[in-house]
Amino acid sequence: MRFLSNVLATIVGLLLFTVIAFFIFIGFIGIMASSEDKVNIKDHTLLHINLENKLLVERALEDPFAVPSIGPFSSVPSVGLNELKTAIRTAKDNDNIKGIYLQTGVMLGGGPALLLELRNELEAFKESGKFIVSYGEIFTEGGYFLSSVADEIYLNPMGAMEFNGLSSTSIFFTNMFKKLEIEPVIFRVGEFKSAVEPFMLEKMSEENRLQTAVFLNDLNDFALQKISENRNIEYSRLKEINDQMLVRKNQDALDLKLIDGLWYNDQVGNLLRDKLGIGEDDDIRTVNVTNINKTTETTNRSSRNRIAVIVAEGEIVSGDSEGSIGSRKFANELRKARKDMDIKAIVLRVNSPGGSILASDVIWREMAEAKKEKPVIASMSELAASGGYYISAPADTIVAQPNTITGSIGIFGLWFNMEGLLNNKLGITTDEVGTGEFSDFMNPTRPISPAEKQIVQNQVEDGYETFLQRVADGRNMTKEQVMEIASGRVWSGLQAKENGLVDVLGGLDDAVRIAAEKAGVADDFRVLYFPEQKTFIERFLSEFSRDVQNRYMKFKLGGEQFYLYQQLERIKSYDGIMVRLPFDIEIK
């Protein structure tokens, strides 16, 4: 026991030392940062955008002390779309910035819609006449899509390039539940509502396969059209290259004109020196995204006309959940924005696969109330499906990217009968006493009765009717018109625009512009983002224990098993009737 207590004391001591040393280090960074706030950009400078091994997210961390990777408990380095767009616009207007050096390579995250919004910003930068050069040791599908906007693209001679189209992988748990003798009981409405398929099938249904194939092809074709325009390659030829994976070695990419050279980094450096007009032995001056943004002066800071952008990212759950769209938290944000007289319009930025119908309806209510008093615009990012569409429906205008995934207007319920697992696998039996016929309603230790099943199915169908009505009211459609495009079917942004679920194709800036115009403040307004972000110290303290636990579980289980563990943990969060996108969908 003494040995164990000594070991535990040592571990605790090391953890405390790590925390104390961390805060001392942060304090040192703060002192250094305060003396280096002033950034002076000299002539012949490049904006260096390095997205390799980065996670592209909606919002950047605003805390100047936020260092993305420190110590054993650091999280994945992330960069915000808003931060990148500000940097690119600043570089466009700064005469000392001559061009952009873009590195995409292997990106850890950033789906088609976010990449398109960033790509469009780079397109606008090129209108200034300045150049963009991209280099990568490895190009993933998304990384190349972003890099294709560059004037010149170079790949490492020993690197690799992925250019073989998109795929979506779904994980099915049916056989696992059979082995564990757990019986999932499914309640759903809509033949395309595939969120429950992982619990009842061993592979995709034909309806799910159809909708997935349709929107994947739509997203892929859109990407190929963009690449075709920038690389000056016929679309039909580019599609052939993509479909047949004709890039099987690096030389193929060069021969097929997808890149401009197989070069090493130093060779690209020499090219950049030539473009900057400096000597071959001169150092290349670069400025990163963080530092160039320190030179940016916020326009209209004094304006009392404000547009509130409320960023709703994650699954929709009840309460004040961190890392998700907590219904109480976001309802409060909408309510505060509605009552603030300085806020002239509201933009709800949605990136969500959906979640609880109860939580979605709480947020819907505040959206509907806000719409009565000021313009409310929905801006769809990567996903705004199921519950994500539910909360968007009341908006005056819905804006989505062509490659946004949206729709999935359907509903499901999920319940597990654990009797077999408890009795046969674990040797546990149960018994109960109740005062009425339904006192132990939906008891997971026994099979569900036909009467219970009918009650829940009726609730699901009532929820679907409510969902249809919410959409019909918001879109000025009849319920019958909504039903034709509902049934849980997923649509791309392009398809959603055609069938009336989306009004305008565009990004967040378009949504803000529309909001300002509708509010009559297009020439004088300021954008504020909500919810307010926690400080770096608050984030560190709240995430410390979670990071430790996740790292331990990943070490204990291994990578693949840890992924399955995360999915099963997510199942536990399912509470009540759900309006959610297919349970597990990964596009690559």
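Trainee: Which residues form a nonpolar patch on the surface, with about 220 Å² of accessible area together?
Mentor: Good place to start, and keep in mind that this is a predicted model, in which local features need pLDDT of at least 70, side-chain atom pairs count only at pLDDT 80 or more, and totals for chains, interfaces and linings use all residues. Residues are numbered from 1 along each chain as its sequence is written, and side-chain values use heavy atoms, with hydrogens and water left out. Patches are built from residues with over 30% relative accessible area and no salt bridge, joining like charges within 9 Å and nonpolar side chains (Val, Leu, Ile, Met, Phe, Trp, Tyr) within 5 Å, while the areas come from the Shrake-Rupley method with a 1.4 Å probe, only the protein chains shown counting as cover for residues. The patch here consists of Phe-438, Phe-441 and Ile-455.

Trainee: Is Phe-441 buried, partly exposed or exposed?
Mentor: Phe-441 sits in the loop between helix 14 (419-425) and helix 15; helices (H or I, at least four residues) and strands (E, at least two) are DSSP runs numbered from the N terminus. Buried means under 20% relative accessible area and exposed over 50%, with partly exposed in between (1.4 Å probe, protein chains only). Because its relative accessibility is 32%, Phe-441 counts as partly exposed.

Trainee: What is the mean pLDDT of the protein chain?
Mentor: pLDDT is the predictor's confidence in each residue, from 0 to 100. In this chain 79% of the residues reach 70 or more, and the mean is 86. Over residues 31-36, however, the pLDDT is below 50, and beyond near neighbours in sequence that stretch has one contact (heavy atoms within 4.5 Å) in the model.

Trainee: How many contacts beyond four places in sequence does the model have for residues 63-74?
Mentor: Here too, pLDDT stays under 50. For contacts beyond four places in sequence, the model's count for residues 63-74 is 28.

Trainee: How many salt bridges are there?
Mentor: Side chains of opposite charge can pair when their charged atoms come close. The rule asks for a side-chain nitrogen of Lys or Arg within 4 Å of a carboxyl oxygen of Asp or Glu. By that rule, the count is 31.

Trainee: Which residue forms a salt bridge with Arg-231?
Mentor: Arg-231 belongs to helix 6 (residues 206-231), and its partner, 29 residues apart, is in the loop between helix 8 (250-255) and strand 9 (261-262). With the closest N and O atoms 3.1 Å apart, the partner is Asp-260.

Trainee: Which residue pairs with Asp-503 in a salt bridge?
Mentor: Asp-503 is in the loop between helix 17 (493-498) and strand 21 (504-505), and its partner lies in helix 15 (residues 450-475), 28 residues apart. The N to O distance is 2.7 Å, and the partner is Arg-475.

Trainee: Which backbone oxygen lies 2.5 Å from a polar atom of the side chain of Ser-228?
Mentor: Ser-228 is found in helix 6 and, with a relative accessible area of 11%, is buried. Leaving aside neighbours within four places in sequence, Ser-228 touches Ile-233, Glu-234, Tyr-235 and Leu-238. Its side chain also has a polar atom 3.5 Å from the backbone nitrogen of Tyr-235, but the oxygen you ask about belongs to Ile-233.

Trainee: What is the omega of the cis peptide bond that joins Phe-530 and Pro-531?
Mentor: Pro-531 lies in the loop between strand 22 (526-530) and helix 19 (536-557). For the cis bond between Phe-530 and Pro-531, omega is about -5 degrees.

Trainee: What is the relative accessible area of Ser-408?
Mentor: Ser-408 is in the loop between strand 18 (405-407) and strand 19 (411-417). Although not a glycine, Ser-408 has a positive phi of about 55 degrees. Ser-408 counts as buried because its relative accessible area is 0%.

Definitions and conventions:
A polar contact is a pair of N or O atoms within 3.5 Å; within protein, one must be able to donate a hydrogen and the other to accept it, and residues adjacent in sequence count only if both atoms are side-chain atoms.
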